[in-house]
Amino acid sequence: MKGENADFLTEGRFIKSDSKQRYTLGVVYEPLVVDSQDEYSTAEEIEKACWEFNRLLRGSSKVNKIALDFLEQVLKALREDKEITLDLTELEDEVEKAGGVGLGFMHELWDEDLGEIVESYIAPDDLVIVSEKVKKGTWLMGIVWSSGVFEKVENGEITGLSMGGKATKIPVKEVI
Amino acid sequence: MPKKLINLSIDEVSGVDKAANKRRFLIVKRAEDNTDPLTDPDKLGPLQKVKKAIEDILKGAFGSGEAKDLNTVLTERAIDEGMWQLTSSLRDSIDSILRDDTVTDKKTAVATVLQQFFVALAGSGILKGEDLAKAGRKISASRMEMLKQMLEQLQKLISEAEVVPDDTGVNKNQGGNEPVEKVTMDMLPEDVRKAIEAVPQLSQALEVQKQENTDLKKRLDDQKAENEDLKKRLEASEDAKATQVYIAKAAGYKNLPTTPQEFGEILKAVAENKATPEQVAKLEGIMKGADEAIEKGNLYGEFGRSGDGPTPGSAWEEVEKKVDELVQKGNLTKADAYTRVANENPELYQRYVRETEVRVR
């Protein structure tokens, strides 16, 4: 059976929220659970996706670091009255990789003012978080939201998390 | 047929309105609510009801909705922030009181804090119409109902704390040390007070409910008094029955210096371990009288113990006299003399037998 590459969106759920910090802890994806779009994935695939996503997030920081390095080189050249040649290849690559990565709102708006992803990890074992069972291999994400978005969380307009990206979809007869 | 996702490459995670796992919003639980869940309104205590009412008012009064200009948003945020500071401070303060074992009079402490909150709320201007109008909002009738319920809870708690004026007319708490400000409806902003009073149906329903509660309480009190009366009557009836049983027993003692009524009551009191000092004294008197009667009746006298000799004029005296005469003649022993007297005087012997026989039953 041949798989297909496709953009997809899939949704998880919040399981913990602290209004003082505007913090939520939510499930991004659970292994071997068929979602409302009749799709699922395995713990191994979810773990790879989580780690790759975390690397991309770190990449965003890398862009800043490269930019700061360039600025330092420019200032030094100005002070020493020297010419300077900058290689922007690495920066362009990192910007491309980091572009559009991070936190979104209904998959339509990506804005740094939405909030900040402060945690992104795989449950190392079966857990119980605030009376909710969380299966081993589940991708969990902690977010500190802006006050505007958190108001929507408290009002019930935002109820969970959804991951967006690319994947190969393989029709199967049973979930394994 | 389900589709398995592999080679996932995720570049964004969004907050969304519906969870793919088909479960409605998962547990959104604030850290400070862990020991005080506000989930089931029917199970909330007075404090929880107050807290929930405050939160509901906030949620309803300052929720999001239509498009707003910058000034509206700024005003809303200022109101939101002010209310947040007030309610979170109240919550933290109440929690600290409830958790502090050194605070023995928690009721007064909590009531005082609630009073302080209410005074601060009334004085903050947050609920004043001008601010709400700037924010483009009005407090709805349902919010007014919640506010009224909150006030009732507050007043109930405050009255439980027994805030009373001292000799100087200053209100004091239960400890009597700290002056506290009496909280009344007058302290509410005028527009809020008017809004509350403008819900006649609610007020009427509340009055009816209050009257029904009063009637129900009166009926319960009456029923309780009636039950107490029945209980007393039943106990008196059983006591009278038991007394009659003991009087019947006492009637069996025919020779005691008392009456069956009196002795029966004493027996019952002794059996129930309820004898009064007077009854004990009476019992001693009865026992003493019985002892004297026994002594006089010589029921247990011993033969030969007194050494009084034959009763004058009795057959035994005559027998003794004849025996002595025969012995004195010197030709018979005393034993032979008894035999001869008995053989020669059969009527005297029969009389002796009759006089010395003992009745048996």
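User: What makes A:Met141 and A:Phe53 count as residues that B:Val13 touches?

Analyst: A contact means heavy atoms within 4.5 Å. Leaving out residues up to four places away in sequence, B:Val13 touches A:Val28, A:Phe53, A:Gly102, A:Leu103, A:Gly104, A:Met141, A:Leu161, A:Ser162 and A:Met163. This is a predicted model, in which local features need pLDDT of at least 70 and side-chain atom pairs count only at pLDDT 80 or more, while totals for chains, interfaces and linings use all residues. Residues are numbered from 1 along each chain as written, chains are lettered from A and ligands numbered from 1 in the order written, and side-chain values use heavy atoms, without hydrogens and water.

User: How do you know which parts of chain B have pLDDT under 50?

Analyst: pLDDT is the predictor's confidence in each residue, from 0 to 100. It stays under 50 over residues 160-165 of chain B, and is below 50 over residues 171-183 of chain B too. Chain B averages 68, and 50% of the residues score at least 70. Where pLDDT is low, the predicted coordinates should not be read in detail.

User: What are the ipTM and pTM of the model?

Analyst: The ipTM is 0.79 and the pTM is 0.36.
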